[in-house]
Amino acid sequence: MSDVLTTGEAARICGVNFRTVSRWIERGLLPAYKLPGRGDRRVLVDELHEFMRKNGIPDHTLAVGQPRRVLIVDDESNMARAIERVLRGAGFETAIASNGFEAGAMLPGFKPALMTLDLRMPGLDGLDVLRFLQKNELPAPLKTLVVSADSEERLQMARALGAHGVVRKPFTNEELLAAVAEMSVR
């Protein structure tokens, strides 16, 4: 996807008519710029995503029937709830597991498309979860995003064990959403 969208492309993503996008622009709700000559408007992708997040607009380009589920695995309940707020605001269905064992038990029933995974947890830690994922066939494809303040050595171990991405704690909401978007979780 380009970094710049036409009003029609922005409308398709938001699931609205292009005239609605034009009205948002005219009212100053959605930043855009005009092309010289014809005066067609263009919207920056980042600004559209921020507008959608602020207004609770889900991405309508996602395949129908595809799960937009994220399993959040973190033993720090405040962190898990913070991740959950950000992802729910972006239109994801979420569930929280407070440890690796609980995550493994939830995978078959919840069938997430993505799992955020802290590395430092009591009992089965994040690396143990990644080892489990390597050895076991899952009912649906799963991408793993490590969200951790752990050492660079352990983050590299996580990548070697199959983690699809890493976000270092502390992170901004935008960093988390960008990492999720980069994984193309649909």
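Predicted model: local features only at pLDDT ≥ 70, side-chain atom pairs only at ≥ 80, totals over all residues.
Is Lys-111 buried, partly exposed or exposed in this structure? Let me begin there: Lys-111 is partly exposed, with a relative accessible area of 36%, where buried means under 20% relative accessible area, exposed means over 50%, and partly exposed is in between, using a 1.4 Å probe and protein chains only. Residues are numbered from 1 along each chain as its sequence is written, and side-chain values use heavy atoms, with hydrogens and water left out.

Lys-111 lies in the loop between H5 and S6, and it has a positive phi of about 50 degrees although it is not a glycine. Most residues other than glycine have a negative phi, and most peptide bonds are trans. A cis peptide bond, with omega near -10 degrees, leads from Lys-169 to Pro-170, and Pro-170 lies in the loop between strand S8 (165-168) and helix H8 (173-182).

Turning to the sheet, 5 strands form an open sheet in the order S5-S4-S6-S7-S8, with parallel pairing, where two strands pair if DSSP finds at least two bridges between them. S5 and S8 are the edge strands, each pairing on one side only. Within the sheet, S4 and S6 are joined by 4 bridges, and Leu-71 stands opposite Met-115 in S6. H7 lies across S7 and S8, running at about 155 degrees to S8; here axes are lines fitted to C-alpha atoms, for helices over the stretch in contact, and angles run from 0 to 180 degrees between N-to-C directions.

Leu-71 and Met-115 return in the largest nonpolar core, which has 21 residues and in which they are among those that touch the most other members. A nonpolar core is a set of buried Ala, Val, Leu, Ile, Met, Phe, Trp, Tyr and Cys residues joined through side-chain atoms within 4.5 Å. The elements that give two or more residues to this core are S4, S5, H5, S6, H6 and H7, and H6 gives the most, with 4 residues. Leaving aside neighbours within four places in sequence, Leu-130 is in contact (heavy atoms within 4.5 Å) with Leu-117, Thr-144, Ala-158, Leu-161 and Ala-163. Apart from this core lies another, of 18 residues, among them Leu-145, Val-147, Phe-171 and Val-180.

Lastly, helix H3 (residues 45-55), in which Val-45, Leu-48, Phe-51 and Met-52 are buried. These residues are on the same side of H3 because they cover an arc of only 125 degrees around the axis, the arc being that of the directions from the helix axis to the C-beta atoms. The face of H3 turned away from the buried side carries the exposed residues Asp-46 and Lys-54, while what covers the buried residues includes S1, H1, H2 and S3. After H3 comes Gly-56, whose phi is positive, near 65 degrees.
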